[in-house]
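Here's a quick briefing to read with the model open beside you. It starts with the overall fold and then moves on to charges and salt bridges.

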Amino acid sequence: MSIVPRTLEVQTLNVTKSRIGPTYPRLARTVFRSVQWLSERVMQRSGFHRLGSDFVNARLSSIKQRLQQGETVYIAGLASSGTHNTGVALIEVTQAHGPRLIVNNEEERFSGNKHTTEFPHRSLDEMRTTLQRMGRDIDDIAAFVTTWDYPALMGTLFRTVFEEAPGSFKLLRLSNAIGIDRRRLDQMRRTPRILARQFHRSEPVPLICLPHHDNHAWFPYAASPFPDSEEPVAICIVDGTGDRGSVSLYVVKSGSMQNIYCNNSVFDSLGAFYSVISSTQGGWTWLSSEGRYMGAAAWGNMDRATNSYYARLRTVLDFGPNGEIKLNRAMANWYRDPFDNPYKQPLIDILGQPLKPDQLWNPDAVLRVEDIQHRPDTQDRLDKAAATQLVLEDALIHIVDHLLRTTGANKLIFSGGVALNALASMRLLDHFDEAWFAKAQNRKARLHLWVPPTPSDPGVPIGAAWLFAHLAGARRGAAFTHAFYCGTPASNDDIVQALAAPDIASQQIGSIASRENRDAIADLMAYCVAAGGIVALSQGAGETGPRALGHRSIFANPCDPLTRERLNERVKYRESIRPLAPMLTREAADEFFELQEGASDADYNAYNYMVLTARSKPSARHRIPSVIHADGTGRIQIVREDADPLTHAYLKALGRRIGVEVSVNTSFNVAGPIAQTPEQAMETLRRSKGLDAVFMVAEDGTVHAAWHGGDRDSGRFRQWYAEWSAARPASQPR
């Protein structure tokens, strides 16, 4: 089903004057090569080594030899300070099985600072604790690899500054642009010495620099359900920027990955396009605006033929030959001034004046669907959101169209920050259907798509470690089935200590050590939710990636149409514009949603991670209204018993209690990162006046329930627990 009208594409490309590409491309390329050359030599003296260097070749040879001798090797992927979402991943590699992910610690989960650029001290300490619990320590790590090729990144930053000189020199004065925190880049250069101090080593810890987009690409392929074969698998990486460009394309054949394209541009970027428009039109800052604006699009006019902004806004991008997308610099100005003056007059004529940085998060400026009845411009703003989403989808289709034609593939890995746009991923499946393949590849096929649970930068430390293992000759490793890898499970002592506060009431209510006891705890949670309660669950290691998937989640009744309002107003304090996601069993997914054949690999594994949207069936709007968005879709998560036994048992219990094996699932947080530790869980409870109880599961299976104590105790959970206990037969756990 082709969703981009080709006639409209032809008609609208030349409406506005165009300027494509930088003013001084030759100068910029010269600057890139010079800065990269100089940075490589300066950083090598500090302990940074690039692929192809003698140091890296020797380290790869050593690891390869150790694997061949049957040793187990550990590799750490490090996202250091200066770029957003710092953290560290640890993998274990064997000759027989390839890499296995041990942890992916995101610094924001431990610091409480969302999308943080600070050095990941806490994540590294937590990784060391994990190693010590395994009988290992830091000295057992064979290599620390970084998520960026830093000399290339430095070259790219200076190339970008000189592309539009002197106007683009303002970029040098910005402390935080395109996800790069200039104030902390100097700390990044000192990373080898900082690591030495943190781990009490006498010498700086050597770091191996790996290309950002290669890291984004290899791990999602290796973790995907697509098997190694002669049949090609295409990989599309689209984000704000990498260390060379913002779009990179790859093809994998027989387990070998080849980079076939990079756009070598920071601002010919779909990530930047969506971030700038969503921020300056929606009223939120970058990295917070994109998901909200995608949600807003559903309330706007998503019809290309009638949306009055779509055709004109599309001219801000140039749809070039060979799938290239470039910024129309006659309309956009964010390549020189992304915050204060991001639009030129032709774009102002389309969208109006952009919101200024000091207006962001201002209640009078933020886009709110609740205002649609009393602010006449609200529907207009929602239509702009819809137009922006449509243009993004057009651009992704343009890129992927060329990629699939060039490679002959029908399997696609989509990763990078833009792959968090779950609606766009669904559109790709819609567009590249059997009719497209019959015409473009002359065969009966359709697109098969997989998006990893960590497509954005929190997943790149995994990718760096996984890629280095591959370069050392390791096998590909097993496909992903869950994403519970952030930190370590809390001990019972940790939980008891966090509960020892005068404003927290708690009780030990059982254990999940046996199936019978686990089913009892699951039934108690379902009983509370069926009674109208809102409960949270904290169990095991946290989820890696931006979505809560049952280990740090808040649950509520999907059948109650008022659930969204109660959650947003009394628990999460968030905008109604943002949808609630359905968590459900495999059987319920079939019952309520149209699962696309293109996501069917490994029994619809692509729907396990809440990164792909599905259309609801007619009965869903009436039976589970709280998890159906304004456009009739849901960003679903299928829960499997083998991956998460407790959450799966809870869904089965809900089926008995409310008639559907579906739950509202939203992240266990309030205006910050997902709660990682027991202390953070209790702080989140304190901040959520409408949260009835938190179920805390210790590493040994012990379960405590916590709720508001003192004057804030509503008595609801105590009443439900008493009723549930009284109704259970004496022989059953309670």
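This is a predicted model: local features need pLDDT of at least 70, side-chain atom pairs count only at pLDDT 80 or more; totals for chains, interfaces and linings use all residues.

Residues are numbered from 1 along each chain as its sequence is written, and side-chain values use heavy atoms, with hydrogens and water left out.

**Overall shape and packing**

- Along the principal axes, the C-alpha atoms fill a box of roughly 80 × 65 × 55 Å.
- Some 63% of the 734 residues count as buried (buried is under 20% relative accessible area, exposed over 50%, partly exposed in between, with a 1.4 Å probe and protein chains only).
- Of the contacts (heavy atoms within 4.5 Å) with a separation of 6 or more, 72% are between residues 24 or more positions apart.

**Charges**

- The protein has 82 positive and 79 negative charges, and their mean positions are 4 Å apart; Lys and Arg count as positive, Asp and Glu as negative, and His and the chain ends are not counted.
- Each charge is placed at NZ of Lys, CZ of Arg, CG of Asp or CD of Glu.

**Salt bridges**

- Side chains of opposite charge can pair when their charged atoms come close.
- There are 49 salt bridges, each a side-chain nitrogen of Lys or Arg within 4 Å of a carboxyl oxygen of Asp or Glu.
- Arginine 50 pairs with glutamate 40, with the closest N and O atoms 3.2 Å apart. Arginine 50 sits in strand E1 (residues 48–50) and glutamate 40 in helix H2 (residues 25–46).
- Arginine 50 is buried at 14% relative accessible area, whereas glutamate 40 is partly exposed at 24%.
- Arginine 190 and aspartate 186 form another salt bridge, at 3.5 Å from N to O. Arginine 190 is partly exposed at 28%, and aspartate 186 is partly exposed at 39%.
- Arginine 623 and glutamate 591 form a salt bridge at 2.8 Å between the closest N and O atoms. Arginine 623 is in helix H23 (residues 620–623) and glutamate 591 in helix H21 (residues 586–592), so the pair ties together parts 32 residues apart in sequence.

Note on methods:
Helices (H or I, at least four residues) and strands (E, at least two) are DSSP runs, numbered from the N terminus.
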